[in-house]
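Please open the model in your viewer and keep the selection tool at hand, as each stop below names what to select next and what is there.

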Amino acid sequence: MLYTERYNEWLLFDDETKQELLKITDEKELEDRFYKDLQFGTGGLRGIMGAGPNRMNKYTVGKATLGLAKYLASPKVALPTVYLFIRFGPAPIIPRKPPVPNCKSL
């Protein structure tokens, strides 16, 4: 898929994302945001904040979280109880229902 096609898909996301993308006039900037997905590295998922699949945002983090949850829930993974905390900034940790059967909320 061409990066321009991915860009057009992202314009259908929420209004905040759409407005951020419409402000970009530099074609190289658009290409960098959409030519690939953000990759996991040795330090986890890191990247520039912003809209697009090659940026850190609620959609890329959500996609990575879903992939991790599916992996942990798969029958191929025999793990003991797993505690998973996802946190943004100094906000307190709020117990939530675990997303996968193998996890327990604290």
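**First stop: the face of helix H1**

Begin with helix H1 and colour what covers its buried residues, a cover that includes helix H2 (15-22), helix H3 (27-34) and helix H4 (58-73). Bear in mind throughout that this is a predicted model. Now select residues 3-10, which make up H1, and highlight Tyr-3, Arg-6, Tyr-7 and Trp-10, the residues that are buried there. If you turn the view to look down the axis of H1, these buried residues fall within an arc of 105°, so they line one face of the helix.

**The whole chain**

Zoom out to the protein chain, in which there are four helices and two strands, and follow the elements from the N terminus in the order α-α-α-β-β-α. Of the 106 residues in the chain, 27% are buried. Among the contacts between residues at least 6 apart in sequence, 31% join residues at least 24 apart.

**The largest nonpolar core**

Next select Tyr-3, Tyr-7, Trp-10, Leu-11, Leu-21, Ile-24, Leu-30, Phe-34 and Ala-51, the nine residues of the largest nonpolar core. H1 and H3 are the elements that give two or more residues to this core, and H1 gives the most, with three residues. In soluble globular proteins, nonpolar side chains tend to be buried together.

**Phe-34 and its ring partners**

Keep Phe-34 selected and show its surroundings: leaving out residues up to four places away in sequence, Phe-34 touches Tyr-3, Arg-6, Tyr-7, Trp-10, Leu-21, Gly-52 and Pro-53. Five aromatic pairs are counted in the model. One of them joins Trp-10 and Phe-34 in an edge-to-face arrangement, with 6.0 Å from centre to centre and 75° between the planes. This pair links distant parts of the chain, since Trp-10 lies in helix H1 and Phe-34 in helix H3, 24 residues apart. Both Trp-10 and Phe-34 are buried.

Beyond four places in sequence, Arg-6 touches Met-1, Phe-34, Tyr-35, Lys-36, Asp-37 and Pro-53.

Finally, move to Arg-33, which has its place in helix H3 and is buried with a relative accessible area of 9%. Display its side chain together with that of Glu-20, and a polar contact of 2.9 Å can be drawn between the two. With neighbours within four places in sequence left aside, the residues in contact with Arg-33 include Glu-20, Leu-21 and Ile-24, as well as Gly-50, Ala-51, Gly-52, Pro-53, Asn-54 and Arg-55.

Definitions and conventions
Residues are numbered from 1 along each chain as its sequence is written. This is a predicted model: local features need pLDDT of at least 70, side-chain atom pairs count only at pLDDT 80 or more; totals for chains, interfaces and linings use all residues. Side-chain values use heavy atoms; hydrogens and water are left out. Buried means under 20% relative accessible area, exposed over 50%, partly exposed in between (1.4 Å probe, protein chains only). The arc is that of the directions from the helix axis to the C-beta atoms. Contact means heavy atoms within 4.5 Å. A nonpolar core is a set of buried Ala, Val, Leu, Ile, Met, Phe, Trp, Tyr and Cys residues joined through side-chain atoms within 4.5 Å. A polar contact is a pair of N or O atoms within 3.5 Å; within protein, one must be able to donate a hydrogen and the other to accept it, and residues adjacent in sequence count only if both atoms are side-chain atoms. Rings of Phe, Tyr and Trp (its six-membered ring) pair if their centres lie within 6.5 Å; planes under 30 degrees apart count as stacked, over 60 as edge-to-face and the rest as tilted.
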